[in-house]
Amino acid sequence: MHLSETVSSGFFFLAPWLVFAPVVGLLINLIFSKRFKFSENTIGAVASAASGAAFIVSILLAYSISANHGEMARWRLAEWIHIGALNIDWTFRVDSLSATMALIVSGVGTLIHIYAIGYMREDVRFKHGEERYARFFIYLNLFIAMMMILVSGDSYMMLFVGWEGVGLCSFLLIGFWFEMDTLGRPSWANSNAGNKAFITNRVGDFGFLIAGFLTFWYLGSFQFDQVFAAAPAIAASAPWVIVAITLFMLVGVAGKSAQIPLYVWLPDAMAGPTPVSALIHAATMVTAGVYLVTRSAPLFTLVPQAQYIVAMVGAVTALFAATIAVGQYDIKKVLAYSTISQLGFMVAAVGSGAYVAGMFHLMTHAFFKALLFLSAGSVILGMERGHHHLAHHKPSSPTLPPKGEGSSLSSRERAKVREKTNHSEEVFDPGDMRNMGGLRKTMPVTFWLYIFGTLALMGIFPFAGFWSKDEILLDASLHYPGVYWLLTIAAFFTAFYMGRQIWMVFFGEARTEVAAHAQESPKVMTVPLMALAALSLLGGAFNLPFDGFHNLGHWLSYTIGEAEALPLNLTVAGISTLLALAAIFISWLIYGRNPLKAGQIDPLKRPLGFVFTGMENKWFVDEIYFALIINPFKRISQFLADVIDWRFWHDFVHETVIAGAYNWISKIALNRYADQQGINAFGNWLGDATQWASANLRKIQNGFVRSYALSVMLGVVVILGYLIFK
Amino acid sequence: MVPVNDYVALSAVLFTIGALGVLIRRNPLIVFMSVELMLNAANLAFVAFSSVFQTFNGQIFVFFVIAVAAAEVAVGLALLVEIFKSKKNINIDDLNSLKG
Amino acid sequence: MTSDLIIFLVLSLIAVSSALGMLFSKNAVYSALFLALNFVTVAVFYLLLGAPFIAMTQITVYAGAIMVLFLFVIMLLGAESLAPSKALPWQKPLAVLLAVMLAVESIYLIFSRASSSGVIASPNAALNSMDSLREMAMMLFNQYLLPFEVASVLLLVAMVGAIVLAKQEKAGQK
């Protein structure tokens, strides 16, 4: 380990603990939780402490950077690959950009860990899987460790290690309840969702790898500084190289940050427990793509054509996803599409060259989207509590296993329990907004937390989302007007579907008995949300568009260079605020004034007709993918496996030709002809011949002396004859 | 002056007759006598040659042959008597129990 | 001289015919007597060849002792001719053939190959003197002493053997 020359003091030596603190946490839980029978609180506390330790290290690193006037530090931990010209080390890069990401990830992550203590305690009981509690926190800590590797990597390859690692953790956590679907019925649904996330991400990783290979081949290295130093020369001589690199990176971004066309995994990823959705699919993992583009800013600024493509992809995604969100009924699905849409905002921002705006929105989005997701989790659990409350107090319900009993049922047995309990009552979806209503009265704390998050998302003054979204819109309007208009319309839809959600969930009358009996969540869940709510309200202070308050911009300028610090543009702010308020009003007209009754179909369905059907069914994108890509692929692989591999190669070539030939050679040719009829027969013939000879020669011994004497005489005569004729 | 070849030829003829007797006759006594005849023929040849070379070696050899022949006849005839006691006849064709 | 040859021829005729008589005679006693005649003839031959001692020995031992012994046994065992045998019918003709061949071969060998090795001198008195006998005795007891002694042992053995063989079973049954 050695220090970079630029660093003289500070806490930079703590950099590896960004990764190792969560690793220690997960190892403690992995090795000792069963042996020493940790209580659930202990497991959660260990994991949260590990994440908190990473947060403290991030703070110290940020402090060290600012104490060094923004100088970054590189801390090499270990050599990794040294082959010829290829040198990749595990080096920690501590600069303002990575420190920002580390703070967001570990800060929001720690809050979510604390929340998850309470959430998972109830969830494992609803799903009859108490022994998996520790596994959840192990996976969460693993995720934090991987994300830290991603943001602290000093080269594209180290970034990719973390990139893959968070993809793995996403898979593990989405498919946490792998043998069931979201309603607890035995099904392939959850594990399919995990597969979908992993495989779709893989397509993105393919793009990232191609970009990486091109980077190494033409720019000679993976390490950031070397790449950025070599880029301008190549851009001048062969600009297509940089364009190719950036566009392939865009493929990776589309995979990881859920842009068109690879966003399809994120809505399915809602199958995982809600803390997972909050942490991974709202605040941290999906922002890795945005981080990648920001980190590669020197490359992107060299190729304005690629920048435009990136911005347009982001903008189109933002609008597209927002339209889908309007037609969704599941509370988490609305938020998922909202995430895709907001990611589109971020990608559009960094595509337009507004890196500070993009990172700012990344930060505020982490606050309020995590808040929204966790509050939605609170809502869902509240519905579940109401559901079980009703089930327990109904005399006809079958007895469930008592809560809190550490059960060692196998997953098959648990599935049977679930089926039994589910069949006695009809399957109930606690996340369906059509089953909710009037939760304002039964879950007031959650209601207010949700309002905070919603207002921040809509971009209402003075919440954090207002500042960050407006900065994006302003930057877009200056660079690419088309992008600006797309984003503005998307912002309108954002406010509309969030309003719709608020009216449907919290206002009106409870549409089902369960909603009427919903219960509020415990403090261990609501207190972290209050912290997030405060950040959602006050987070705008990080980068206010007034002179002297561009804190984030100033901070990031240490890494990505001076950005234009734009003052507040009242026109843009005014248009977006008016549109948001208009959307709230329209949604109130449709959903708030005459609250939905039980069983009533969505009031937008008839007026919009097939448009609404498209929104409901996410514009049939999944179905198109299945028809165009996945089913033909399956058919080809089926053909290859069945016909080519099994029937031709195995059955014919191996079995018939090779094995058959071998068998024929050994059984027929060698065994029957060569051995039995050949050698064996010869051996037998020798024996027979000897026997025949001896049987016949035996007859000479006939016992008669006369014949013996005769033979002597014969011999004498013969010898004499020979002597005569010699 | 008789050439010695004649004596040897006579010896050969007598020997042949003796051999024929051994082969043909089934009475062991005749067979024995044929054997004596053969010995005699050999003796004749010995003496003829000793006479040619004017030494006594041949005669001394004949002396010993006669002695041995006498002993052999004694023992052989005793054996024959023994056989007769058990078999009650002296057909040598009956003595074929050593066949393979 | 011719006289020697004539004597030789006559005597050889007698010898051969008596041998043949022994061979073909049905009666064993006749065979024995024929053989005795043969022995005597051969003894005469010995005389012609200048070996008087051997001639005497021949008559004494062969014709006198051995043939008598033969006659004893013939009388003991019966001289009837045996029934014609049914075994090995091919043996007799083959034997005759082989004997003839042997004779032919031998005579051919004797008369064609061998150069004239020598002639037998007529017997003369010098050879029949006692000196020859003394010389022979000297040779017997000097050079051939060991065979002489061994021959005596052999005769002893033969005697003992004959007695053992002829012993009655009565001794064993006591």
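In chain A, among contacts between residues at least 6 apart in sequence, what percentage join residues at least 24 apart?

A: The share is 80% in chain A, among contacts between residues at least 6 apart in sequence, where contact means heavy atoms within 4.5 Å. This is a predicted model, in which local features need pLDDT of at least 70 and side-chain atom pairs count only at pLDDT 80 or more, while totals for chains, interfaces and linings use all residues; side-chain values use heavy atoms, with hydrogens and water left out. Residues are numbered from 1 along each chain as its sequence is written, and chains are lettered from A and ligands numbered from 1 in the order in which they are written.

Chain A has 28 helices and two strands, taken as DSSP runs numbered from the N terminus (helices H or I, at least four residues; strands E, at least two). Of its 726 residues, 55% are buried, that is, under 20% relative accessible area with a 1.4 Å probe, protein chains only. The accessible surface of chain A is about 30500 Å², and carbon and sulfur atoms account for 68% of that surface; the areas come from the Shrake-Rupley method with a 1.4 Å probe.

Ser221(A) sits in the loop between helix 6 (189-219) and helix 7 (224-237) of chain A. Ser221(A) counts as buried because its relative accessibility is 7%. Its side chain is joined to that of Gln226(A) by a polar contact of 2.5 Å (a pair of N or O atoms within 3.5 Å; within protein, one must be able to donate a hydrogen and the other to accept it, and residues adjacent in sequence count only if both atoms are side-chain atoms). Leaving out residues up to four places away in sequence, Ser221(A) touches Thr215(A), Phe216(A), Gln226(A) and Val227(A).

Chain A also meets chain C: 13 residues of chain A are in contact with 16 residues of chain C. About 1300 Å² is buried between these two chains, with 74% from carbon and sulfur atoms; buried area is the accessible area (1.4 Å probe) that two parts lose on being put together, summed over both. Chain C and chain A have one residue pair in polar contact (both at pLDDT 80 or more). On the side of chain C that touches chain A, eleven residues are nonpolar, three polar and two charged; nonpolar covers Ala, Val, Leu, Ile, Met, Phe, Trp, Tyr, Cys and Pro, charged covers Asp, Glu, Lys and Arg, and the others, Gly among them, are polar.

How values were computed
Buried < 20%, exposed > 50% of the residue type's maximum accessible area, 1.4 Å probe, protein only.
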